[in-house]
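Reader: I have a chain to go through and would like to talk it over. Can you put it up?

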Amino acid sequence: LYWGLTLSGAAGGVWETALPQGVYALTAVILAAGGRLPAAAPTDAALGFVPTVLLLQGPAGVVLITLAALQFVCLGRAFAGLAAQGDAARLLQVLVWGYTAPQMFFATGHLSQFASLKFREAFVGFRDFDFVTQGTLLALNTWAFHILAVALAPAMARKGLPRKALCLGVQLPCTVNVFFAALCAALHRRHLMIFTTFAPKLVFSVATLLVVDVLSIL
């Protein structure tokens, strides 16, 4: 609704701030309630984050979230028959799910470059700049699918997978990405585009790994 009104040129009005802030408040309430209900956390509580993701991913957010949900269901069905084959099969399931986060990262138009940061989405629901608020929204826009990947990983792994194995399954794709990004930056340290291509890629990879690691520990 918000992006429909925005794209139609109906700028201004109370809806410009009231609708997004209402979505943010709804997400905060659902997450707070989910954290208080052991049976619901973390998977059910993560679903409360979806409305904010839809809003912050721009006009194409609904389509992209729908495709991500379909992929989530398809992966769950594909690995359903492997549930009885032990932790190795469930760990493979989490690994495949972990790679959906970088897939959706690039599908939503993000790149490992500072110029590709979506600053417009950071001001959705706000007219004035605030470092904490806009920084938080920018981070949510950038790493939304990594956050969802970590939060929904237990559902993909079914039941019985050890916490250490679960964390490893989600963290390993990001760790591999950091390793090769660092290797490329080292090999191309004298390249003309080192500060345009290779260094930003390393910075984004390390930042993503930190986000995933912190969320996995929590």
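Reader: Which residues have the most contacts inside the largest nonpolar core?
Author: This is a predicted model. In its largest nonpolar core, the residues with the most contacts are V94, W97, A153, V170 and V212. The core has 14 residues.

Reader: And which elements give two or more residues to this core?
Author: Those are α6 (87–98), α8, α9 and α10 (194–217).

Reader: Back up a bit. How many helices and strands are there?
Author: The chain has 10 helices and 0 strands. Along the sequence the pattern reads α-α-α-α-α-α-α-α-α-α.

Reader: What share of the chain is buried?
Author: Of the 218 residues, 39% are buried.

Reader: And the surface: what does it come to?
Author: The accessible surface of the chain is about 12,000 Å². Carbon and sulfur atoms account for 73% of that surface.

Reader: Cavities next. How many of 30 Å³ or more are there?
Author: There is 1 cavity of 30 Å³ or more. The volume of the largest cavity is about 30 Å³.

Reader: Which residues line the largest cavity?
Author: The lining consists of G98, A101, H146, A149, V170, C174 and V212. Two elements give two or more residues to that lining, α8 (131–156) and α9 (163–187). V170 and V212 are also among the residues with the most contacts inside the largest nonpolar core.

Reader: How does the lining divide into nonpolar, polar and charged?
Author: It has 5 nonpolar residues, 2 polar ones and no charged ones.

Reader: Now S205. Where is it found?
Author: S205 sits in helix α10.

Reader: Buried or exposed, and why does S205 count that way?
Author: S205 counts as buried because its relative accessibility is 2%, and buried means under 20%.

Reader: What does S205 touch?
Author: Leaving out residues up to four places away in sequence, S205 touches N177, V178 and A181.

Reader: Last one, A139. Which helix has it?
Author: A139 is in helix α8.

Reader: Why does A139 count as partly exposed?
Author: Its relative accessibility is 27%. Buried means under 20% and exposed means over 50%, so A139 falls in between.

Reader: How are A139 and A122 placed, C-alpha to C-alpha?
Author: Their C-alpha atoms are separated by 8.5 Å, with the two residues 17 residues apart along the chain.

Technical notes:
Residues are numbered from 1 along each chain as its sequence is written. This is a predicted model: local features need pLDDT of at least 70, side-chain atom pairs count only at pLDDT 80 or more; totals for chains, interfaces and linings use all residues. Side-chain values use heavy atoms; hydrogens and water are left out. On a 1 Å grid over the protein atoms alone, a cavity is a set of points where a 1.4 Å probe fits but cannot get out, and a pocket is an open set with protein on both sides within 12 Å along at least five of seven lines; lining residues have an atom within 4 Å of a point. Grid points are joined across faces, edges and corners, and a volume is the space filled by probe spheres set on the points. Helices (H or I, at least four residues) and strands (E, at least two) are DSSP runs, numbered from the N terminus. Ala, Val, Leu, Ile, Met, Phe, Trp, Tyr, Cys and Pro count as nonpolar, Asp, Glu, Lys and Arg as charged, and the others, Gly among them, as polar. A nonpolar core is a set of buried Ala, Val, Leu, Ile, Met, Phe, Trp, Tyr and Cys residues joined through side-chain atoms within 4.5 Å. Buried means under 20% relative accessible area, exposed over 50%, partly exposed in between (1.4 Å probe, protein chains only). Contact means heavy atoms within 4.5 Å. Accessible areas come from the Shrake-Rupley method with a 1.4 Å probe; for residues, only the protein chains shown count as cover.
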